[in-house]
Amino acid sequence: MAGILTSGKVKTKINLSKKRVAIVVAEWNEDITEALYEGAVSSLREHGLKSQNIIRKNVPGSFELSLGGLWMAQDKTIDAVICLGCVIQGDTPHFDYICQAVAYGVTEAGLKTGKPVIFGVLTTLNKKQALERAGGKLGNKGEEAAITAIKMMVF
Ligand code: RBF
């Protein structure tokens, strides 16, 4: 099955039936990350990926997405990795350390392996902002992460 990829006004027919994508999901703020995961999977399926070619792995928190993402990107059978997490600001500077580390780690995983490793991590000031971006009024950032993975796979 071929999907249609839209970029600006350009629509491209793509065949992604042989592509394998790993989705690494952080368990912290699980209600949010599950919604991001559902969005990513439905978007990949819409574009023609087979369900058996979408491989899910869990990590405890967003901080662990870097290593989980790297491990999956090192798998020769995987074409792209999507890292999904949600970091919500608390009363301590922990938020900044986690956000900075995961942004750096996800970048590094992609550069080290030469594969798309997508940053699908919400970094919000509160739960409301996260819900709005996980299937709420501002869409689903998991879906957007999946489209980014597809665009990079067909680069
Ligand atoms: N992980 C998240 O994915 N989102 C969070 O909002 C989050 N907040 C945390 C706040 C504190 C104070 C701590 C100690 C950890 C938090 N983590 C969070 C977990 C973090 O990503 C990681 O799993 C742990 O720090 C263990 O390395």
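A backbone N or O atom of F63 lies 3.1 Å from an oxygen atom of the ligand; a polar contact here means a pair of N or O atoms within 3.5 Å. The protein covers 68% of the 540 Å² of accessible area that the ligand has on its own, by the Shrake-Rupley method with a 1.4 Å probe.

Before I go on: this is a predicted model, where local features need pLDDT of at least 70 and side-chain atom pairs count only at pLDDT 80 or more, while totals for chains, interfaces and linings use all residues. Residues are numbered from 1 along each chain as its sequence is written, and side-chain values use heavy atoms, with hydrogens and water left out.

In the side chain of S62, an N or O atom is 2.7 Å from an oxygen atom of the ligand. For N29, a polar side-chain atom lies 3.5 Å from a ligand oxygen.

Which residues are around the ligand? They are W28, N29, G61, S62, F63, E64, C86, V87, I88, H94 and I98, each with a heavy atom within 4 Å of the ligand. The largest share of this shell, three residues, comes from β5; strands are DSSP runs of E, at least two residues, and helices are runs of H or I, at least four, numbered from the N terminus.

One item on rings. The charged end of R56 sits over the ring of Y37, 4.4 Å from its centre. The criterion is NZ of Lys or CZ of Arg within 6 Å of the ring centre and within 35 degrees of the ring normal.

Conventions
Polar contact = N/O pair within 3.5 Å; in protein donor to acceptor, adjacent residues only side chain to side chain.
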